Amino acid sequence: MLAAMRLAAQADPAPGRLAADAMAALAMRLPGCVVATPADLTAASGARAGGKPQMHRFAAGDTTLDVETTITEGRLEIAGQVSPPPAPSAYVEVRTPHLTKVRVPSADGQFAVAGLPPGWVSVAYHRPSDAPVVTRWLRVRA
């Protein structure tokens, strides 16, 4: 109750890192992008039980982005798939507030990135003749 009162009175400011991360994320906006919305995903039973991966599906029009996040030895790993299969000049950006990794998806749309810091992550799929499709920001904790 006291914490809520402090927040209401603005006596408990947000941590400095939170503001810095928010500013970095704001700077990563992609003008003209299509924001993919979360879509239902049926979980596969028995799939990779050890690392407790989290599956996320995003859709925008006829484009679907499947994103799997896993923490391994304190680092974030992303594996994903773009559907329908991408054009040869398409690419994927896996973005954090501090670092971006670019991958060219395989012919069937798969991509992967390892060694990212845990925290906020978003995936942007750049298509050659259409606006990029971008997922919402996901917070992945160790």
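Setting aside neighbours within four places in sequence, Ala 112 touches Ile 78, Ala 79 and Arg 103, contact here meaning heavy atoms within 4.5 Å. This is a predicted model, in which local features need pLDDT of at least 70 and side-chain atom pairs count only at pLDDT 80 or more, while totals for chains, interfaces and linings use all residues. Residues are numbered from 1 along each chain as its sequence is written, and side-chain values use heavy atoms, with hydrogens and water left out.

Ala 112 sits in strand S8; strands (E, at least two residues) are DSSP runs, numbered from the N terminus. Its C-alpha atom lies 6.2 Å from that of Gly 80, 32 residues away along the chain. With a relative accessible area of 45%, Ala 112 comes out as partly exposed, the class between buried (under 20%) and exposed (over 50%), using a 1.4 Å probe and protein chains only.

Moving to the neighbouring part of the chain, S6 (residues 91-95) and S7 run antiparallel and pair over four bridges, where pairing takes at least two DSSP bridges. A hairpin of four residues links S6 to S7, and Glu 93 faces Val 102 of S7 across the pair.

Val 104 is in the loop between S7 (100-103) and S8 (110-116), and counts as exposed because its relative accessibility is 60%.
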